Amino acid sequence: MTRKNFTFTSESVSEGHPDKVCDRISDAVLDAFLTEDRFSRVACETFATTDRVVIGGEVRGPASVIERVEEIARECVKDIGYEQKDFHWANMKVNNYLHAQSADIAQGVDAGDNKDEGAGDQGIMFGYATTETPALMPAPIQYSHAILRRLAEVRKNGTEPALGPDAKSQLSVVYENGKPVRVSSVVLSTQHLDEDLSSNDIRAIVEPYIREELPEGWLTDATEWHVNPTGKFVIGGPDGDAGLTGRKIIVDTYGGAAPHGGGAFSGKDPTKVDRSAAYAARYLAKNVVAAGMAERCTIQLSYAIGVSKPLSIYADTHGTGEVGPAAIEKAIDEAMDLTPRGIREHLGLNHPIYQRTAAYGHFGRQPEADGGFSWERTNLVEALKKAV
């Protein structure tokens with residue numbers, strides 16, 4: 001039986017977190033390739049440490065983009081806001097080791113005379129949706145993201161110049177009868193540029209913004225606050241801790257409230273089902289919930305490298321379904337082409353829409369006019385209902 005009364009915790013990290021700096025650069029490189037050639041193949045990894053960014057991976061696309069990789073990396077770090085002594089956008093060293101995609105991988109993925117485009121790798125991908133927030137996302141991760149996104153806004157627009165780019169948030173949310181009702185603890189660690197600021201000083205800065213982002217009544221006199229609990233946090237970003245693309249996959253998805261298949265997203269073009277099929281699974285789960293078929297839904301898809309059709313489709317409504325899981329699986333198969341090509345075309349993924357996903361979650365965002373976050377649309381509801 002599903003638990004009804006419990007406390008669940010999720011964390012988020014800001015765009016200035018070392019791993020997120022790397023995700024941002026990798027996705028900016030991807031966007032640059034897709035801008036020049038929307039069928040580029042990109043698998044870009046980034047490593048960042050004190051005074052250095054290293055970029056590598058396999059690509060197939062315009063050589064002119066490879067020549068601009070250093071410039072792209074500097075633009076990302078500048079926009080995030082790093083101008084500190086040992087990690088400065090203008091002075092950091094950038095090493096570019098991008099090289100041509102393996103022909104062995106390409107032959108499995110490329111379409112041919114007698115085969116459709118195959119999946120870029122084997123793997124399992126999960127999508128999840130729940131009615132507990134308007135975005136159909138789990139509350140702990142959704143509001144952890146919202147807090148950091150708001151703090152980044154006031155840092156960048158000059159309202160709170162004392163804040164630095166590197167930050168983490170964490171919320172422990174109390175559920176009663178299966179619904180989130182209050183926050184039992186708030187953890188917020190943020191870099192600050194003034195060495196003399198205490199933890200209490202930082203709390204005075206950030207608390208009003210945290211209260212803005214949380215539902216009314218969720219913060220109570222019993223809520224525990226831990227703001228910069230270690231004290232001073234002046235050295236941040238890759239100078240304080242090395243960063244790497246793809247190390248924040250739980251932050252990127254559902255904060256631990258749902259399974260993750262294991263594959264990271266950033267730096268991968270949409271032929272890689274690690275990314276595109278995870279987006280499709282979220283799209284399907286969200287549309288199942290939006291259609292009123294369940295209050296919670298998990299979708300799993302699986303693929304084999306070089307094979308176009310998914311090997312399996314699995315649905316779990318966690319005991320909340322108005323429609324049986326087998327009927328949902330059948331409806332999904334009828335309502336959407338889940339081949340790599342079908343996903344890319346249905347969701348419009350061959351466009352430079354990825355840099356914006358690199359921080360504050362790939363899910364629970366608003367669909368954008370240029371196709372960004374297209375997997376958050378609920379335009380499959382009628383097709384699913386018809387198929388059921």
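**Ground rules**

The model is predicted, so I took local features only at pLDDT of at least 70 and side-chain atom pairs only at pLDDT 80 or more, while totals for chains, interfaces and linings use all residues. Residues are numbered from 1 along each chain as its sequence is written, and side-chain values use heavy atoms, with hydrogens and water left out.

**Entry 1: aromatic rings**

I describe a pair of aromatic rings by the distance of the centres and the angle of the planes. Rings of Phe, Tyr and Trp (its six-membered ring) pair if their centres lie within 6.5 Å; planes under 30 degrees apart are stacked, over 60 edge-to-face, and the rest tilted. I searched the whole structure and got 10 aromatic pairs.

I looked at Phe265 with Tyr279. This pair is edge-to-face, with 5.6 Å centre to centre and 70 degrees between the planes. Phe265 lies in the loop between helix H7 (249-252) and helix H8 (273-290), and Tyr279 lies in H8, so the pair ties together parts 14 residues apart in sequence. Helices (H or I, at least four residues) and strands (E, at least two) are DSSP runs, numbered from the N terminus. Phe265 and Tyr279 are both buried. Buried means under 20% relative accessible area, exposed over 50%, and partly exposed in between (1.4 Å probe, protein chains only).

Next I checked Phe265 against Phe363. The ring centres are 6.1 Å apart and the planes stand at 70 degrees, so this pair is edge-to-face. It links distant parts of the chain: Phe363 sits in the loop between helix H10 (340-347) and helix H11 (381-387), 98 residues from Phe265. Phe363 is buried, as is Phe265.

Which residues do ring pairs link into a cluster? They are Tyr128, Tyr254, Phe265, Tyr279, Phe363, Phe373 and Trp375.

I also noted a charge over a ring. Lys78 lies over the face of Trp89, 4.5 Å from the ring centre. The test is NZ of Lys or CZ of Arg within 6 Å of the ring centre and within 35 degrees of the ring normal.

**Entry 2: strands**

Strands of a sheet pair through backbone hydrogen bonds, either parallel or antiparallel. I counted two strands as paired if DSSP finds at least two bridges between them.

Strand S8 (residues 163-176) and strand S9 (residues 179-192) are antiparallel over 11 bridges. Glu176 stands opposite Lys179 in S9. S8 and S9 make a hairpin with two residues between them, and Asn177 in the turn has a positive phi of about 55 degrees.

S9 also pairs with strand S10 (residues 224-227), in the parallel sense over four bridges. Ser185 has Glu224 in S10 as its bridge partner. From S9 the chain crosses through helix H6 (residues 199-213) to S10, a right-handed β-α-β crossover. Right-handed means that, with the strands pointing away from the viewer, the path from the first strand over the helix to the second runs clockwise. In S10, Trp225 and Val227 make up the covered face, and Glu224 and His226 the uncovered one.

I then traced an open sheet of four strands, in the order S6-S3-S2-S11, with mixed pairing. Strand S6 (93-100) and strand S11 (243-244) are at the edges with a single partner strand each, so one side of each has no neighbour in the sheet. Strand S2 (residues 41-49) and S11 run antiparallel, joined by two bridges. Phe47 stands opposite Leu244 in S11.

I used a 1 Å grid over the protein atoms alone: a cavity is a set of points where a 1.4 Å probe fits but cannot get out, a pocket is an open set with protein on both sides within 12 Å along at least five of seven lines, and lining residues have an atom within 4 Å of a point. Points are joined across faces, edges and corners, and a volume is the space filled by probe spheres set on them.

The largest pocket holds about 420 Å³. It has 21 lining residues, with Thr2, Phe6, Glu132, Gly178 and Arg296 closest to its centre.

I found two cavities of 30 Å³ or more. The largest cavity holds about 90 Å³. Its lining has 14 residues, and Phe126, His260, Gly261, Phe265 and Ala278 lie nearest its centre. S7 gives the largest share of that lining, three residues.

**Entry 3: Asp31**

Asp31 is in helix H1 (residues 18-36). Is Asp31 buried or exposed? Its relative accessibility is 9%, so Asp31 counts as buried.
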